[in-house]
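The following note sets out, point by point, how the parts of this structure are arranged. It is meant to be read beside the sequence and the coordinates.

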Amino acid sequence: MTETIRVTATGRAPGYLPEFVARELGFFEKHDVSVETVVPHDWEDVLTGIESGEWDLALGGIWVPSMFLGRGRDYVVTGQLCHRAGFCMVAREPFSAQWAHEVEGRSVLVPGRGGASMNMFFEMYMHEQGADPGKSRVTHDLTTAMMAELYAGGGADLLMIEAVQARRLEHKGHHIVGDFLADGDDIPWSVYYGKPEVVEEKAEAIGRFNAALDEAMAYMNTHSASAYVPQVMQWYPSVTEEELTAQAERMRHAGMWTSTCFTEASYQRWQNGIVLSGLLEAPIPADELIAPSAIGW
């Protein structure tokens, strides 16, 4: 019997393509599951949605269920969707390959209205490169649209932004000095999570949902993006087919879509990053946060 999984997502980035490929190419249907997806205007409404029971799973950063665990809202992470951060650092002038060190003393715009993940990643990456983010002037509490407008108007030296928008700026003469998709290493960037009782009640359907996503990822990793992008364009009205195809190809080659199961190294890396940001005192053991079926080690 076909069962419906209702997903409330924090956005509709190109990294979320497997869900729509699974929908449009019949992988969900093959596994007897239908999927409803909504993107609320305010990302925090995903929590309202799963708390009310209107939606089964939220799609967003694992830092949210991590920081709430044992603090009033316990969630179970049921699977991983994105295994890389699809963002770039854009500047008005070229930097060297050691750009992280050259950012010191510069002003940086890191959008944050959609959550804390981008600034947490920036700080973690800088520390991993041996650079000190505290020596940069970072603004991180405004929306992407406002940050992009400020940067376009001459504000700040660098802008961290989603890769498709970064390529548009590059075409206007700006420079992509850091490509986190290519050079930012593996990280469980986007995950599905829900309330424990809902995850338990719908465990079988969620298992089929994950199986369909895994098949979609396998298809995307073995086929050119041109084989599926035309079918999913209705879900991405803000980008062109050419832009989405190019970005999907970059994501495929970078290893954006691996499996709904987590890998130990990337999970531990991001837990350490969340600790560095101050949201956690110590990394959370995977078996306290992630459903057993999604732990891949």
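1. The model is predicted. Thr78 belongs to strand β4, residues 76-82. Beyond its neighbours within four places in sequence, Thr78 is in contact with Leu57, Tyr192, Tyr193, Val199, Ile206, Asn210, Ala291 and Ala294.

2. Leu57, one of the contacts of Thr78, lies in strand β3, residues 57-60. In a regular strand the side chains alternate between the two faces of the sheet. In β3, Leu57 and Leu59 point one way, while Ala58 and Gly60 point the other way, and all are buried.

3. Which strands are joined to β3 by bridges? Strand β1 runs parallel to β3, with three bridges between them, and Ala9 has Leu59 of β3 as its bridge partner. Strand β10 (residues 190-194) is also joined to β3 by three bridges, but this pair runs antiparallel. Here the bridge partner of Gly60 is Val191 of β10.

4. The largest nonpolar core holds 94 residues, and those touching the most other members are Phe121, Tyr193 and Tyr228. Helix α11, residues 203-222, gives the most to this core, with nine residues. A separate core of 11 residues lies apart from it and includes Cys88, Val90, Met147 and Ala156. In soluble globular proteins, nonpolar side chains tend to be buried together.

5. Leaving aside neighbours within four places in sequence, its contacts are Leu17, Val21, Leu25, Tyr219, Met220, His223, Ala248 and Trp257. Among them, Leu17, Val21 and Met220 also take part in the contact between helices α1 and α11.

6. How are helices α1 and α11 oriented to each other? The axis of α1 (residues 17-24) comes within 8 Å of that of α11, and the two cross at roughly 100°. The helices are therefore roughly perpendicular to each other. On the α1 side the contact is made by Leu17, Pro18, Glu19, Val21 and Ala22, and on the α11 side by Ala212, Leu213, Ala216, Met217 and Met220. These residues comprise nine nonpolar, no polar and one charged.

7. An open sheet of five strands has the order β7-β6-β8-β5-β9, with mixed pairing. Strands β7 (137-139) and β9 (175-179) are at the edges; each has a single partner strand, so one side of each is left without a neighbour in the sheet. On average, neighbouring strands are turned by 25° against each other, direction ignored.

8. One of the residues involved is Leu109, whose bridge partner in β7 is Thr139.

9. Two helices lie across strands of the five-stranded sheet. Helix α6, residues 117-128, lies across β5 (87-91), β6, β7 and β8 (158-162), at about 120° to β8. Helix α8, residues 163-171, lies across β5, β8 and β9, at about 130° to β8.

10. A final point concerns the start of the chain. Thr2 is in the segment before β1 (3-9). Leaving aside neighbours within four places in sequence, Thr2 is in contact with Asp32, Val33 and Ser34. Between Thr2 and Gln165 there are 163 residues of separation in sequence, and a C-alpha to C-alpha distance of 38 Å.

Notes. Residues numbered from 1 in each chain as written. Predicted model: local features only at pLDDT ≥ 70, side-chain atom pairs only at ≥ 80, totals over all residues. Heavy atoms only, no water. Core = buried A, V, L, I, M, F, W, Y, C linked by side-chain atoms within 4.5 Å. Buried < 20%, exposed > 50% of the residue type's maximum accessible area, 1.4 Å probe, protein only. Helix = DSSP H or I, 4+ residues; strand = E, 2+ residues; numbered from the N terminus. Contact = heavy atoms within 4.5 Å. Pairing = 2+ DSSP bridges. Axes fitted to C-alpha atoms, helices over the stretch in contact; angles between N-to-C directions. Parallel < 35°, antiparallel > 145°, perpendicular 65-115°, else oblique. Nonpolar A, V, L, I, M, F, W, Y, C, P; charged D, E, K, R; others polar.
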